[in-house]
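The sequence and the coordinates are shown first.

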Amino acid sequence: MGIFSSDDQKSETDLGTATGHNQTDTALLAAKGNLEKRRGRGRPPKDTAAPADNAPRVNAASGDLARLFDPTVWTPLVRLPADAMVALTGREFWNLQDKEAAALGASAASAAQYVGIENPKSLAISLFLVSAIVVYGPRALKELDARRAERAEAVKLK
Amino acid sequence: MNRAYIIVVGNQGAGKSVWTKKYVSATDRLFVFDPTGSYDVNYDFVDTLEAVLDKKQSKFRIGTIEPEDAEIFGDAAFGTGKCTFVVEECGLLFKRGEIIEPWARRLIFMGRHPEVDIVFVAQRASSIPIDIRSQANRVISFRQTNSDDVRALKEVFGKEFSAELSTFPDLRCLDWELGSIKKYDLTIDGEPRKSTTEAVNTLNDTDTDTETETEED
């Protein structure tokens, strides 16, 4: 060949002493190894075979997480700020309409799917904590409000 | 074993990707590194590549836009053999003056054995490392306006024709292969327009004349 032969660059042609067949095997193994690492950069594996370390494998498409991505699960969560303000202020305009809450819930469920793929355990734990706040939070605020009112009433009567 | 080792160079928009896409249009075992994601290949390649490496799939056209995947493709091409590997914008992977990584050196210098055809595409001929350029058995050049690039191509096309390169319109190229040079325009589909094809030179140690013949449609 020898075209482009006159150049001031040095040519690095040391390829070692491995035979062609060994180089093929080496290349295949390297490709397979790097492909597995590539999967770990954010792509879930196609198969869901149990891993050797017995840790539960979660596939975002499996039934395990399907419930977490149900919009009806997210609707109470996205209503939380509004419900909290109703409890604190008593002002009706803080109440969300059902379709407003449904729209927020659907978009939150979509966003959660991407977080879920990356870190499903954290998502599940976060979802539980937020659900607990949704259920107990407004009630706790109303309780505090009620006790404040009772103390004020008690002071008046004295 | 013969393999195609092709370098395609040309300024942006001059036609090098048009040529390359046409060249590989019928290839049924194809790896493409293409930062623009414009080839007709499957860029969601992970599962397909796994099947190819496990020898469960023999035909494939896969691509990646990420430079860090080029090594996987290079190793896979070498390991599976009888395929074509296109490297678009090879300046993103290989810098002149820098040592070429082992996976690439293996492909460049030993790729003939597993019959891996390679196409390196670059905007500037002078930016391609000498190790990559030195193995080429075919060089396609579209418009090159930089004097360093024209100078780099002088060895291939000769002084007279390399000087023309800076004046080429889009889709016109010089095609050097095994000592003979043709000049032609491409259609938008990448086909050479027969009416424009000229055999402009046949390299010969004693030949200093230019022979020109024109083919009609």
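**Confidence and selected features**

1. In this predicted model, residues 202–217 of chain B keep a pLDDT under 50, and the model has 27 contacts beyond four places in sequence for them. Here pLDDT is the predictor's confidence in each residue, from 0 to 100, and contact means heavy atoms within 4.5 Å.

2. For chain B, the average pLDDT is 87, with 90% of the residues scoring at least 70. Confidence in chain B is highest in strand β2 (residues 29–33), at 98, and lowest in strand β9 (residues 198–202), at a mean of 59. The scores of the model are ipTM 0.81 and pTM 0.62.

3. Conventions are as follows. Residues are numbered from 1 along each chain as its sequence is written, and chains are lettered from A and ligands numbered from 1 in the order in which they are written. Local features need pLDDT of at least 70, side-chain atom pairs count only at pLDDT 80 or more, totals for chains, interfaces and linings use all residues, and side-chain values use heavy atoms, with hydrogens and water left out.

4. Chain A has 5 helices and 0 strands, where helices (H or I, at least four residues) and strands (E, at least two) are DSSP runs numbered from the N terminus. Of its 158 residues, 22% count as buried, that is, under 20% relative accessible area with a 1.4 Å probe and protein chains only. Among contacts in chain A between residues at least 6 apart in sequence, 61% join residues at least 24 apart.

5. In chain B, the axes of helix α2 (residues 46–53) and helix α3 (residues 70–80) come within 10 Å and cross at roughly 30°. α2(B) is therefore roughly parallel to α3(B), a term for angles under 35 degrees. Axes are lines fitted to C-alpha atoms, for helices over the stretch in contact, and angles run from 0 to 180 degrees between N-to-C directions.

6. On the α2(B) side, the contact is made by Leu49(B), Val52(B) and Leu53(B); α3(B) supplies Ile72(B), Phe73(B), Ala76(B) and Thr80(B).

7. Ala125(B) lies in the loop between β5 (116–122) and α5 (130–133) of chain B. Ala125(B) counts as buried because its relative accessibility is 1%. Beyond neighbours within four places in sequence, Ala125(B) is in contact with Val9(B), Arg133(B), Gln144(B), Asp149(B), Ala152(B) and Leu153(B). Its C-alpha atom is separated by 9.7 Å from that of Asn11(B), 114 residues apart along the chain.

Conventions
Parallel < 35°, antiparallel > 145°, perpendicular 65-115°, else oblique. Buried < 20%, exposed > 50% of the residue type's maximum accessible area, 1.4 Å probe, protein only.
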